[in-house]
Amino acid sequence: MDFDWLCRVGVHGQVLRLKVAAGSAGVQRGMQLVCRTIRGIELAEALAPSPRAALESDGKILRPFGAQDQLLGKHLQRYAAESLEACSRWLADQASSDVLLEVEPLLDGKTLYFHFLGEPSPQTSEQIERLVELYQQRVAASRFARLEEEGCGPGCGTSEKSKC
């Protein structure tokens, strides 16, 4: 019998049913996984196998969460923490009643979710848009993003550059 997996996703621990993609077999309870959901590419934790049902899945497990994914996640978390701090300062400066709970980056390096208690004001929403733009620029300009895109330089991936 084919199985999907119930996985915990996101900072609020939403449980989703995820299909196992080709090449990602061997999922076990507790494994950290990279998955594609309606929100984008994100980290998931395998909870339990679930027999495939007539219900549609909520996404797909792409692969185990590897060392490169871990490095990327730490990199993005650092920039998200800076965005959280900047937004918190802005809210305090504006004496806003909006309550920021968390800032969550997805593994695509472009998506940043600001989680609020309730709906933020229009002024706060405008500030969030500016902070997301700054986050995306910062990630795109980072050394890590350049390495992901360009590799270590000419000949990257060849036997001459095997220590990249």
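Start by selecting the five strands of the closed barrel, which runs β1-β2-β5-β3-β4 with mixed pairing (strands pair if DSSP finds at least two bridges between them). From one strand to the next, the twist averages 55 degrees, taken between N-to-C directions of lines fitted to C-alpha atoms, on a scale from 0 to 180 degrees. Keep in mind that this is a predicted model, where local features need pLDDT of at least 70, side-chain atom pairs count only at pLDDT 80 or more, and totals for chains, interfaces and linings use all residues. Residues are numbered from 1 along each chain as its sequence is written, and side-chain values use heavy atoms, leaving out hydrogens and water.

Next, select residues 3-9 and 14-20: these are β1 and β2, antiparallel strands joined by five bridges. Strands of a sheet pair through backbone hydrogen bonds. Within this pair, pick R8 and find V15 of β2 opposite.

Now zoom out to the whole protein. Colour by DSSP runs (helices H or I, at least four residues; strands E, at least two) and you will see three helices and seven strands, in the order β-β-β-β-β-α-β-β-α-α from the N terminus. Of the 164 residues, 36% are buried, meaning under 20% relative accessible area with a 1.4 Å probe, protein chains only.

For the last stop, select residues 99-105, strand β6, where V99 is found.

How values were computed:
Buried < 20%, exposed > 50% of the residue type's maximum accessible area, 1.4 Å probe, protein only.
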